[in-house]
Structures are given as C-alpha cells and as structure tokens.
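Hello,

Here is the structure we talked about handing over. Please open it first, then read the notes below.

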Amino acid sequence: MNAPLTETGIEAGIETGIETGIETGSVIAVIGCGAMGAGIAQVAASAGHQVILFDTRADAAAKAIVGINKVYTRLVEKGRMARLDADAAIGRMQVAVALTDMRDCVLVVEAIVEDLGVKRALFAELETLVADTCILATNTSSISVTAIGAELRRPQRLVGMHFFNPVPLMALVEVVKGLATEQHVADTVFATASAWGKSPVHARSTPGFIVNRVARPFYGEALRLLSEQACDPATLDAIMVDAGGFRMGPFALMDLIGHDVNFSVTRSVHQAFFGDPRFTPSVLQQEMVDAGFFGRKTGRGFYRYGDDDNDNDVRPAPHAEGAQPSPVVVSLSSGPGSLHPLIDALRQRFASAGFTVAHRTPLPGAAEHEAPAFHCNGAAIFLTDGRSATVRADANCHADTVLFDLALDYARATRIALSRADQCGDAAYNAVVGLFQAAGFTVSRIDDVPGMVVMRTVAMLANEAADAVNQGVCSASAVDIAMQKGVNYPRGPLAWTDAIGVRQVVTVLSHLAASYGEERYRVSPLLRRKLANLALMPAGARFHA
C-alpha cells in the first residue's frame with residue numbers, strides 16, 4: 001500500500017528525491033501537447049525519464065513526438081546532440097490512450113487550457129487513478145495553485161511547475177506553492193527541475209507569481225510614457241535596448257507577445273489585486289486591442305509587419321539629435337565623500353573621450369541641489385532623480401538644466417536619453433548634446449517627463465520586486481533569477497537597486513509619487529527599511545552581499 005503524504009514530509013521514496021529530484025528513468029506524464037506540453041516532454045525525456053504524453057485532441061500527442069524528433073534531428077545536425085542520445089530520448093516517449101495509462105507515474109505535469117474549472121476536473125480525475133505518492137503539477141501561468149487544488153482530496157501534493165516558452169531554451173521554472181502544498185513536494189519538484197538543467201525558483205501562489213507580477217511596470221511605464229508623448233515607440237525601445245541593456249524594448253516585446261495576451265494578463269493581475277493602481281491597465285493598450293492591432297500575429301501593433309514577419313523595413317528609425325559641436329570646458333561639482341559610481345562611470349567616459357573634467361566645489365549650502373552635476377557652457381547636467389527637468393530647474397533657480405537617463409553601463413552604452421527644462425536655452429542644451437556625442441553616445445531627446453525612461457522603469461521594477469519579497473512571495477535572489485532567466489533582463493531588479501543605490505531608487509519613486517499624486521508610485525516598505533539601514537548599517541541597505 002502506498003504511504004501517504006504527511007504534515008511533515010512525503011513517503012520515503014520521494015523524500016530521497018528532495019536533494020536529487022525524481023529518479024532518472026521514472027515515469028512522468030505530460031497532459032496537453034501544445035507548444036508548452038511538447039517542450040516539457042522534450043526536456044523530461046532528454047533528462048532520462050520515461051514520458052507519457054496525453055491530449056484529448058486526436059493525434060496531438062503523436063504529432064508532438066514527431067515534432068520533438070524533428071527538433072532532435074536539427075540538434076544532431078548542428079552537433080549539439082549525439083544521434084544515439086536523440087534516438088534514446090525519442091524511445092522513452094509514448095502516447096497515452098487514456099488517463100488510466102498514468103497509474104505508474106511519479107509526476108504528472110498538466111499543460112492544458114487556462115481554465116480553472118477544466119484544470120480542477122482533470123486533477124480530480126487523476127487523483128482517482130495515480131498513486132497517493134504521485135506529485136501533481138500544473139503549468140498554469142495565471143491561475144491560483146491554491147484554487148486549483150482546493151477541491152482535491154489530497155491538495156498537499158499539487159504544486160505549480162511554471163515553465164516559460166520555448167521550454168527547451170528558457171531556463172526558468174517557477175515552483176509555486178499553494179496554501180496546502182507540502183514543502184517537500186515543492187522541494188522535490190525544485191530539485192527535479194534543476195536536474196533537468198533548469199534554473200528553478202520557489203514562489204508562493206499569489207497573482208502573477210513572480211515574473212508576470214514583477215514585469216508589469218516594464219510594459220505599464222512604457223505605455224504611460226507614450227501616452228504622455230515622451231517620445232515615439234521606436235525611440236523608447238531604442239533607449240531601453242541601447243542604454244538600458246534590455247534585449248527587446250517594451251513595444252517590440254508587446255507586439256511579439258500579442259496585445260490581446262499582454263493586456264489580458266495585466267487586467268488579470270489588476271483584478272486579482274483588487275484594483276491596486278500599481279497594475280492599472282493602459283487605455284492606450286485597450287484601444288490597440290479594440291482595433292485588432294495585436295502585433296506581429298495581425299501584421300500591426302505599435303509597428304507594422306510584412307507577410308514575411310520581417311519588420312526591418314517598416315519600423316521607423318528612433319530619434320537622434322543632429323550633430324553639435326562639443327564644449328571646450330567640462331566640470332563636475334560634487335559634495336564631500338566618494339562620488340556616486342554612476343556619476344564616476346560617466347566622468348570616466350568623458351575623460352576617455354579627451355575631456356579634462358575639472359572638479360568644481362558647490363556653492364556654500366548648495367550641495368544638496370547642485371551636486372553631483374556636470375557643467376558645460378552654462379548648463380547643469382543631472383542624473384534624473386524622478387523630477388522633471390523643469391521642476392528641477394525651478395528648485396535650483398538654474399534655467400539651463402538638462403537631465404540624463406540611467407544606463408546599464410555608461411562605459412558601453414551606445415545611446416543616452418536627455419531631457420531639457422522648459423527654461424533651458426538652445427545654446428546650453430546643444431552644448432550638452434555635443435558633450436555626449438563626443439563621448440560616443442547617440443543622443444535621443446525625450447519630452448520633459450518625470451523619471452525619464454530607463455530610470456523610471458527600473459525604479460518601478462525594483463519597487464515591485466521589493467514588494468514581492470516583502471510579502472513573502474519569493475526571496476531576493478529568486479526574484480532576480482526569475483527576471484533574468486524568465487524574461488532575459490540584463491540585471492535583476494534588486495541587483496540593479498544595489499548598483500544604483502537604494503537612496504536613489506527611493507528618491508526617484510518619491511518624486512514620481514509627488515509628481516503624479518498617485519498610489520501607483522508608492523514606495524515599498526522594504527525599500528524604505530533598506531534605506532533606514534544605510535547610515536548605521538550599510539550592508540543592511542543592500543539586497544545582495
């Protein structure tokens with residue numbers, strides 16, 4: 001008789017897999033043979049498991065195996081897989097005629113339609129067929145794991161195992177615990193995913209889990225910037241890629257995902273958090289959906305796409321300022337203490353371009369609003385702190401104020417975003433443009449919006465990541481791994497916070513909140529707690545050692 005799952009652990013056969021995962025060669029089932037299900041089956045078979053595939057659609061499972069075999073063939077042709085290994089992996093796959101074929105499985109992974117009722121019905125039937133020791137896993141990306149398992153006889157063995165598409169290429173797996181999920185079940189699935197070559201992270205079952213929650217500002221702030229006419233989509237995408245280091249800009253990515261899908265996820269998260277303004281959907285994206293402009297799949301989104309799915313000829317060029325003469329004299333005002341690493345990195349780039357960046361002592365009592373800042377031809381040049389250039393010029397009583405945006409790496413960035421105060425004169429602004437151009441940057445001017453582009457987006461990503469940690473959804477390391485492995489961010493949001501400095505992030509968010517008067521930009525309590533550690537315990541102000 002099979003030993004039951006208990007309050008303190010699972011039966012001995014699976015408990016030994018807590019460190020090593022489910023034993024290689026054991027039988028795993030995948031239900032649902034679309035792109036996700038086929039990808040999961042491929043990864044499991046490649047790791048040495050016997051894999052049973054089942055789908056209610058006629059021949060879907062068999063077709064999935066044929067498709068996987070084609071993938072293996074391409075890998076063999078490219079020298080990335082041995083023919084013997086490919087043949088062995090295919091030999092470990094078989095089609096299930098009915099759910100009863102899964103009686104001997106130790107893990108069943110569901111990858112069917114995102115419908116709570118359908119998933120509940122499937123797992124309820126599976127409970128009557130598989131052994132009590134069999135782990136049931138759902139690949140849901142948006143439905144509560146707690147809700148899926150609520151009507152099961154043994155909900156403690158149900159766990160989220162959320163893969164990312166395409167499964168064989170994307171490293172992340174979110175291992176999601178519902179309220180009833182046994183910790184050892186989650187640990188076993190975590191170890192199994194790791195043995196399959198994935199980068200798993202633990203998460204608690206809350207709306208959006210980690211990635212779909214923390215990523216919302218990447219889209220939301222871009223849509224808001226566009227609605228405020230900060231710049232056009234192509235320019236904003238170029239800034240996020242060339243300065244921010246992201247693999248794709250938000251508008252190109254939304255077009256790829258599909259606005260119908262992206263908007264639906266945002267609405268789902270917003271509703272699940274009872275209308276939290278941090279997740280408020282965009283009216284602009286609603287218009288895109290209403291118009292049927294879903295992106296690549298309809299030939300039109302924020303960009304137009306040809307029949308060959310090549311958008312190179314139809315995407316407008318991002319804005320770049322015309323060439324301006326470089327200034328002769330450049331200086332840097334800074335207060336006492338060490339220079340902020342971001343400012344110092346830019347100073348070094350100017351120096352590498354041949355500028356002698358002279359030190360300039362701030363006027364008495366002016367260090368708070370004047371430093372650190374670069375200066376040339378009467379212009380004061382500040383890293384954005386969340387205020388608009390116009391507001392900062394007014395606060396500083398200095399009309400010729402220009403702001404520059406955050407970059408992932410000022411030494412390597414090819415583009416920089418600038419904004420100028422309404423009061424700023426053309427001669428002063430053009431000198432700043434010439435300075436950055438002489439240092440090798442393509443300069444894109446955006447309208448004078450609070451927080452600019454990269455800084456605003458990164459600060460909001462960090463805020464959401466900090467809140468996820470603060471609310472026990474995941475650890476700081478998990479959220480950074482998830483955002484890098486799941487959506488290819490160049491740096492985890494909390495690691496980016498450490499690099500920027502928690503004071504800078506909190507300042508940006510506070511100024512955004514003051515500018516808009518919205519709860520959307522409220523600062524996470526965890527960020528405020530980190531900031532309070534800065535003076536007396538600097539290590540406590542960081543998320544990572």
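**Notes on the model**

I90 is buried, at 18% relative accessible area; buried means under 20%, exposed over 50%, and partly exposed in between, using a 1.4 Å probe and protein chains only. This is a predicted model, in which local features need pLDDT of at least 70 and side-chain atom pairs count only at pLDDT 80 or more, while totals for chains, interfaces and linings use all residues. Residues are numbered from 1 along each chain as its sequence is written, and side-chain values use heavy atoms, with hydrogens and water left out.

I90 lies in helix 5 (helices are DSSP runs of H or I with at least four residues, numbered from the N terminus).

R278 sits in the loop between helix 13 (259-272) and helix 14 (283-291). Is R278 buried or exposed? R278 counts as buried, because its relative accessibility is 6%. Its side chain makes a polar contact with the side chain of E464 at 3.4 Å. A polar contact is a pair of N or O atoms within 3.5 Å; within protein, one must be able to donate a hydrogen and the other to accept it, and residues adjacent in sequence count only if both atoms are side-chain atoms. The R278 side chain also reaches the backbone oxygen of R522, at 2.9 Å.

K78 is in the loop between helix 4 (60-77) and helix 5 (83-91). K78 is exposed, with a relative accessible area of 58%.

Regards

Key. Helix = DSSP H or I, 4+ residues; strand = E, 2+ residues; numbered from the N terminus.
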